[in-house]
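Thanks for passing this one along.

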Amino acid sequence: MNGGDDAASSAATSGPPPSLDWRFSQVFGERTAGEEVQEVDIISAIEFDKSGDHLATGDRGGRVVLFERTDTKDHGGSRRDLEETDYTVRHPEFRYKTEFQSHEPEFDYLKSLEIEEKINKIRWCQPANGALFLLSTNDKTIKYWKVQEKKIKKISEMNIDPSSGVSSLPSSSNTNSPTRVVANGLPAHGYPSNDFSFPPGGIPSLRLPVVTSQETSLVARCRRVYAHAHDYHINSISNSSDGETFISADDLRVNLWNLEISNQSFNIVDVKPTNMEDLTEVITSAEFHPIHCNMLAYSSSKGSIRLIDMRQSALCDSHTKLFEEPEAPGSRSFFTEIIASISDIKFSKDGRYILSRDYMTLKLWDINMDSGPVASYQVHEHLRPRLCDLYENDSIFDKFECCLSGDGLRVATGSYSNLFRVFGTSPGSTEAATLEASKNPMRRQIQTPARPARTLGSMTRVVRRGSESPGAEANGNAYDFTTKLLHMAWHPTENSIACAAANSLYMYYA
């Protein structure tokens, strides 16, 4: 996916890559059996930085937790030792780094509206001078954070003995004199009298305090607050490749910000109709192109993706390209528009493809081909007969995220019962693994028949793959709709996935 004709020809001759064998790596915040999960601890956002050495999570309590990778550091040693380690798969390991309270609950008195502290999105910014920078947002306010190691300064060699609190300075020779009072009204027990004269050699016990810095601690400081720019709930933030600007999107508008300017933003997309009764669709997700800072894409609740170019006009209400799948004749039902709503979009690393997730499927789009998706992957097609039940318990409105591998050869997304699915995108690939977010990810894997991909239409080139074979969960009866894996992220350079199951962060590698 990343290359040109050479990569395509080599892939054609060698065939699709073999399916990956996913293994459990580690878990943070694992629940014990029967332990009740607090609402504020449920993870609501996950994001790797560009290097893959840091991982950030946000939760419903407004906290941001940072993890750093440890297995890439301290690889000193002889050349033979390094060569021997090359033969083994390096086990990716992260450790807790720090956490901070990003957002607090607020109340909008003008609208009589409570503003949750829940973190909706986290995006890493360019690091500088050993400091980490990131953006975090709740429903209304975006914050720009700087996380840096600070040396803790302590004053040592004081003239007062810390244990006794008594000054080591010599006192007045007249001990019977009444207690003197200095200008601030405090008794001058340990201070020399007015007629006191320093001896020629000085006072050996008088020492100047010395400031020493021995320990270091990580300090998170809010550099800027970008507020009062959205009337509706913010669903997306995305950094531009220029490193200077970012976008924020709510249901009806997309705003463009400069990282250095917090009191001004530019509205570049506005889909709000003059009469709100004419509203037919809302913005569900927005993402900057990873290479071209003038291009971005946003998805809608009608299942369409619009690619816009900011060079065309200041207000980008007219799109450059529109990506949507034609509706099959006779397939329309009450649930058609609900399940067509796109909950998340992601660009591939080279910017050539867009991955989208609606309720039932993952779709892969080529930005050079707007006639339809190049591939479509069924995530939980067996739930289609139960759409009525899913509508009754509001599960049909769950917003699942999606992610691509750094090489573009695989895509992944979550499902119910804490399951997630990984699909191969290479031509001819039948890879469609189902794994559970637990220490034994293969425990509840639904066996997928290894059958060739079948093309549904030459016009749209839609490929359906990975539908589950009949089994214990094929009718959806055994699925637990209260445990859902909504948030996940793929490491930018390795086959490593981080996913959130309630308050637990699970990590896997292949």
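1. Start with Phe133 and Tyr144: both are buried, meaning under 20% relative accessible area, with exposed over 50% and partly exposed in between (1.4 Å probe, protein chains only). Bear in mind that this is a predicted model, where local features need pLDDT of at least 70, side-chain atom pairs count only at pLDDT 80 or more, and totals for chains, interfaces and linings use all residues. Numbering runs from 1 along each chain as its sequence is written, and side-chain values use heavy atoms, leaving out hydrogens and water.

2. Across the whole structure, a search turns up 23 aromatic pairs. Rings of Phe, Tyr and Trp (its six-membered ring) pair if their centres lie within 6.5 Å; planes under 30 degrees apart are stacked, over 60 edge-to-face, the rest tilted. Phe67 and Tyr96 make an edge-to-face pair, 6.5 Å centre to centre with 80 degrees between the planes. Phe67 is buried at 5% relative accessible area, while Tyr96 is partly exposed at 43%.

3. Back to Phe133 and Tyr144: they are stacked, 5.7 Å centre to centre and 25 degrees between the planes. Phe133 sits in strand S9 and Tyr144 in strand S10, so the pair ties together parts eleven residues apart in sequence. Strands here are DSSP runs (E, at least two residues), numbered from the N terminus.

4. Those strands, S9 (residues 132-137) and S10 (residues 142-156), run antiparallel and are joined by six bridges; pairing takes at least two DSSP bridges. Leu132 has Val147 in S10 as its bridge partner.

5. One more ring group: Phe24, Phe420, Tyr506 and Tyr508 are linked into a cluster by ring pairs.

Key: Helix = DSSP H or I, 4+ residues; strand = E, 2+ residues; numbered from the N terminus.
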